[in-house]
Amino acid sequence: MKDSNDPVEPGKAADKAAGKAVGGAKGPDELRQQIQETRGQLGDTVEELAAKADVKARARARGAELKGKASEAGHAVQDKATEAGHVVQGKAVEAGHVVQDKAVQAGHVVQDKAVQAGHVVQSRATQAGHAVQDNVPQPVRTAVTNAVQAGKRHPRPVLIAGAGVVVAAGLLRRRHNGHRHNGRH
């Protein structure tokens, strides 16, 4: 059981008011002043209790607080993602330059090899040309030279003759291949 002189639990303002009331006033003016102070303190205590009892307002305040924290966390994550994106982009650019450099180097190597091979082929063709020139009898060389010069002067008859030679070679080849197939059966 509570004694009527015990302080009230809900707020500190009520505790103070109760403590002064117990001590007593020395006169009516002091009593009025204590009553005014107690009313003010009780009003503050009632406001505190009302604020604690207003669940919706507390929930809204807590929601706003959490929303603010979530927004801050979202911005932090977004900043980190942006940083990571820049890092990845930088790495990709670096890798692209490395690949490009390697491709250029490989292209130079291939080009050098192709030039070397071209020189080898040209040298062998020159050697073969000299070998043919050295081994072909003089009358044949003279006839070929004359034919080439005549072809330069009159290209149409040479082209017609060349086409005839190609057709004749094709017919001979077919005939030759046809005899081989017949011999195998």
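User: What pLDDT does the protein chain average, and how many of the residues score at least 70?

Analyst: This is a predicted model, and pLDDT is the predictor's confidence in each residue. The protein chain averages a pLDDT of 80, and 84% of the residues score at least 70. Residues 1-8 have a pLDDT below 50, and beyond near neighbours in sequence this stretch has 6 contacts in the model.

User: How many helices and strands does the protein chain have?

Analyst: The count is 5 helices and 0 strands. Along the sequence, the pattern of the protein chain reads α-α-α-α-α. Among these helices are H2, residues 28-53, H3, residues 55-135, and H4, residues 138-153.

User: How does the reach of H2 compare with what is expected at 1.5 Å a residue?

Analyst: From its first C-alpha to its last, H2 reaches 36 Å, with 26 residues. The expected figure is 38 Å, and the reach of H2 is close to that.

User: What share of the 185 residues in the protein chain is buried?

Analyst: Here the cut-off matters: a residue is buried when its relative accessible area is under 20%. Buried residues make up 5% of the 185 residues. In H2, the buried residues are Gln34, Gln41 and Thr45. As for the surface, the accessible area of the protein chain comes to about 15900 Å², and carbon and sulfur atoms account for 61% of that.

User: How many salt bridges does a search of the whole structure find?

Analyst: The general idea is that side chains of opposite charge can pair when their charged atoms come close. In this structure the search finds 3 salt bridges. One of them joins aspartate 29 to arginine 32, with the closest N and O atoms 2.9 Å apart.

User: Why are aspartate 29 and arginine 32 separated by about one helical turn?

Analyst: An α-helix has 3.6 residues a turn, so residues three or four places apart point the same way. Aspartate 29 and arginine 32 are separated by about one helical turn because they are 3 residues apart in helix H2.

User: Are aspartate 29 and arginine 32 buried or exposed?

Analyst: Aspartate 29 is exposed, at 58% relative accessible area. Arginine 32 is also exposed, at 53%.

User: Which residues are linked in a network of salt bridges?

Analyst: The network links Arg62, Glu65 and Lys69. Arginine 62 pairs with glutamate 65, their closest N and O atoms being 3.0 Å apart. Glutamate 65 also meets lysine 69 in a salt bridge, at 3.5 Å from N to O.

User: Which residues form a nonpolar patch on the surface?

Analyst: A patch takes in residues with over 30% relative accessible area and no salt bridge, with nonpolar side chains joined within 5 Å. Here Val140, Val144 and Val148 form such a patch, and together they have about 240 Å² of accessible area.

User: Where does valine 148 lie, and how accessible is valine 148?

Analyst: Valine 148 is part of helix H4. Its relative accessibility is 44%, so valine 148 counts as partly exposed.

Note on methods:
Residues are numbered from 1 along each chain as its sequence is written. Side-chain values use heavy atoms; hydrogens and water are left out. Patches are made of residues with over 30% relative accessible area and no salt bridge: like charges are joined within 9 Å, nonpolar side chains (Val, Leu, Ile, Met, Phe, Trp, Tyr) within 5 Å. Accessible areas come from the Shrake-Rupley method with a 1.4 Å probe; for residues, only the protein chains shown count as cover. A salt bridge is a side-chain nitrogen of Lys or Arg within 4 Å of a carboxyl oxygen of Asp or Glu. Helices (H or I, at least four residues) and strands (E, at least two) are DSSP runs, numbered from the N terminus. Buried means under 20% relative accessible area, exposed over 50%, partly exposed in between (1.4 Å probe, protein chains only). pLDDT is the predictor's confidence in each residue, from 0 to 100. Contact means heavy atoms within 4.5 Å. The expected span of a helix is 1.5 Å times one less than its number of residues.
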